[in-house]
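Welcome, and thanks for taking a look at this one with us. Below is a short tour, grouped by topic so that you can follow along in the viewer.

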Amino acid sequence: MSTVAFEIHDMTVAYQRRPVLWDIDLTIPEGNLVGIVGPNGAGKTTLIKAALGLVPLASGKVEIYGKSYRDQRRLVGYVPQRESVDWDFPVTVNDVVLMGTYGRLGWFRRPGRPERDIAEKCLEQVGMSAFANRQIRQLSGGQQQRVFLARALAQDAQLYFLDEPFAGVDAATESAIVDLLHTLRSGGKTVLVVHHDLQTVRDYFDHVILLNMRLIACGPVDTTFTNDNLQKTYGGRLTILDEAAEAMRQREPLR
Amino acid sequence: MTGLSLTEKVMIGTSLLGGMSGVVGCFAVLRGRSLVGDMLAHAALPGVCLAFLLMGTRNLLGLSLGALASGLLAIAAVTIIVRWTRTKEDAAIGIVLSTFFGAGVVLLSQIQKPGVGGSKAGLDAYLFGEPGNMLNGDLVLLTVVAVVVLVFVGLLFKEFQIVCFDTDFAQSQGWPTLRLDLVMMASLAVVTIVGLPIVGVILMTAMIILPAATARFWTNRLHVMLLLAGGFGIAAGLFGTKLGRGLPAGAAIVLTAASLFILSLLFAPQRGIVARLLAEYRLRKRIAREHLLRALYELSEAQLPELITLDLQTIQDYRYWRSLESLLQQAVEAGELQRSGKTFQFTPLGLRRAAKLTKAHRLWEMFMMQHVGIAPDHVDRDADDVEHLLPEGLLIELEQKLASEGRLPDVVEEVPISPHSLGADKATRP
């Protein structure tokens, strides 16, 4: 059995007391490309944010290479959804990629020659070297996505979380991302990707996490990405979970 | 310090204030928090009055602490309202701001009643600003605050940048985003409050927003924006004080900052209105010129390669023109056409350019018809809209695509074989 890169035990996550993920339990072995699949509102982004410590857990725990996220931050790279930032912010492509190195730099230290070299290499890997000095607003959606990928590469992590990197990108970016995923896998990295396009799941991923507020299934694509499981994932919500969540929310007096 | 005249002191003080509010204003503006500064300023008034009533003197430090206390109270009030009621943040800010300000005005009127001794205290300055009241101690306080704020921003530049741009990502790297955010807010609060007696409660928000918004016109880099905003703030302080003699000083400073903003809005490269209109004008001119060349090509296409002469009327009737005469004149000046009386003829240069344009146009038309499914009688207009903006790389791709489907016989234009052997040049070099 290979090393376990990422593990969730009995995790429940709630926003304002309303649970969005119930009792998730899963294990991802190292060196896999993992698709996180499920309908809108299934809690895919929440799963990632919980793993990164961006939202508090109501219960359970998350382990990265056997330790808590707090201790293993350096091993983790993150690509948030493209819409999550203001693209009119006064930074260049290069500035954004350099941010990937900030975690390792620590307080007060500025990025220097080694960091700039890393950034340059990462931009080259996503085919964006020519745009290093552009303001980020002047890029197309696909190019912006590639900048975010380069920033995650600059984190030089073992475990990557990508939130919908394929959303609204051009064909060139899509194939660039796929190439990148393969490069990462051959480097022994583990990558979890929130993904929307069911058609490409088999082509892109080795493992799949099927999610709809609870964990439907998690395992190798061949055995897990079955019609039966998809039916369970997409065939309507479990209304009882919805109702229970709503009941929890209603108990909060003033909202 | 004592050797300075009042005017010099005022100028130093206002430019210090302008510089630091420009710098902290950048972070507030970029985070969409400009109104927080406004609220802090207004909400500070009751604190100032209460502090005066407690101390009985107009000591800037004491009054500022009072202002800070009521400002923080106001922030807490907004947070609570947003968290526990259905009121949205902007409404909550409006409510808290005006309530605190109202309380402040009532307190101020009580202080200024004869017998309380407040009429001479110069608390009016807090409403509209009065830099002329500046004492040596005030100047020292301003300097200390400016140095502390600038050191913070200098040390934490990288941290502030990442938190402002992408808070989630920053937090995933382990930065204490909440505390960094608080430091940014605190520096905004401190700068706002020391600025109150200089430009006044009502105008202070302009000092936070204007230099930052002005700087944004000129740069796409955060550190340059910070420096520029600081510079614009200093300029507003200096020139506002100097030019505004005899006028209410706070207002003069803010108007100077506003003038800088308007100038930038108009004349900044790329983002300024003039630059954008100019670019638009150039594009339109180019499109009109390209239409002309293509029309002439199509008119003379049947006789090519012979260069026929076309008279003005034929061209006029070919399609709708906005100002044909001047277009033709421009083409003549560019060496694309030859004119004799009322007839025109392509020069070889003009023909070459026209052929290239027509080719691009037709490639795009074919693409639109075959792959986008646009009806043939609509295609000309649709092609017109886009083709002028197509990058060369895309045109080449289009060409290859159509060629691979057998729609275009020759992809590469005829290029004669090189008359000398290639690569020899490199080899003979030492």
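Leaving out residues up to four places away in sequence, L307(B) touches Q345(B), F346(B) and L351(B). Please keep in mind that this is a predicted model.

**The loop residue L307(B)**

- L307(B) sits in the loop of chain B that runs between α13 (273-300) and β1 (309-311).
- From L307(B) to T347(B) there are 40 residues in sequence, while their C-alpha atoms are 8.1 Å apart in space.
- Is L307(B) buried, partly exposed or exposed? Its relative accessibility is 24%, so L307(B) counts as partly exposed, given that buried means under 20% and exposed over 50%.

**Chain B as a whole**

- Chain B contains 19 helices and three strands.
- Chain B has 430 residues, and 45% of them count as buried.
- Among the contacts in chain B with a separation of 6 or more, 67% come from residues 24 or more positions apart.
- About 22,000 Å² of accessible surface belongs to chain B, and carbon and sulfur atoms hold 64% of that surface.

**A helix pair in chain B**

- Two packed helices are described by the angle between their axes and the distance between the axes.
- For helix α3 (residues 60-84) and helix α4 (residues 89-111) of chain B, the angle is about 145° and the axes are 9 Å apart.
- The crossing that α3(B) makes with α4(B) is right-handed.
- On the α3(B) side, the contact is made by S70(B), L73(B), A74(B), A77(B), V78(B), I81(B) and V82(B); on the α4(B) side, by E89(B), A92(B), I93(B), V96(B) and F100(B).
- Sorted by class, the residues in this contact are ten nonpolar, one polar and one charged.

- E159(B) belongs to helix α7 (residues 157-165) of chain B.
- With a relative accessible area of 0%, E159(B) is buried.
- Which backbone atom does the side chain of E159(B) reach? It is the backbone nitrogen of F108(A), at 3.0 Å.
- Setting aside neighbours within four places in sequence, E159(B) is in contact with G106(A), W107(A) and F108(A) of chain A, and with W175(B) and L180(B) of chain B.
- T214(B) is placed in helix α10 (residues 204-216) of chain B, and T214(B) is buried as well, at a relative accessible area of 1%.
- The side chain of T214(B) reaches the backbone oxygen of L210(B) at 2.6 Å.
- Beyond four places in sequence, T214(B) touches F232(B), A257(B), L260(B), F261(B) and S264(B).

**Positive phi angles in chain A**

- D10(A) has a phi near 50°, a positive value in a residue other than glycine.
- The place of D10(A) is strand β1 (residues 4-15) of chain A, and D10(A) counts as partly exposed at 41% relative accessibility.
- M213(A) also has a positive phi without being glycine, with a value near 65°.
- Where does M213(A) lie? M213(A) is in the loop between β9 (207-212) and β10 (214-220) of chain A.
- M213(A) has a relative accessibility of 4% and therefore counts as buried, as the cut-off for buried is under 20%.

Definitions and conventions: Residues are numbered from 1 along each chain as its sequence is written. Chains are lettered from A and ligands numbered from 1 in the order in which they are written. This is a predicted model: local features need pLDDT of at least 70, side-chain atom pairs count only at pLDDT 80 or more; totals for chains, interfaces and linings use all residues. Side-chain values use heavy atoms; hydrogens and water are left out. Helices (H or I, at least four residues) and strands (E, at least two) are DSSP runs, numbered from the N terminus. Buried means under 20% relative accessible area, exposed over 50%, partly exposed in between (1.4 Å probe, protein chains only). A polar contact is a pair of N or O atoms within 3.5 Å; within protein, one must be able to donate a hydrogen and the other to accept it, and residues adjacent in sequence count only if both atoms are side-chain atoms. Contact means heavy atoms within 4.5 Å. Axes are lines fitted to C-alpha atoms, for helices over the stretch in contact, and angles run from 0 to 180 degrees between N-to-C directions. A crossing is left-handed if the near helix is turned anticlockwise from the far one by less than a right angle, and right-handed if clockwise. Ala, Val, Leu, Ile, Met, Phe, Trp, Tyr, Cys and Pro count as nonpolar, Asp, Glu, Lys and Arg as charged, and the others, Gly among them, as polar. Accessible areas come from the Shrake-Rupley method with a 1.4 Å probe; for residues, only the protein chains shown count as cover.
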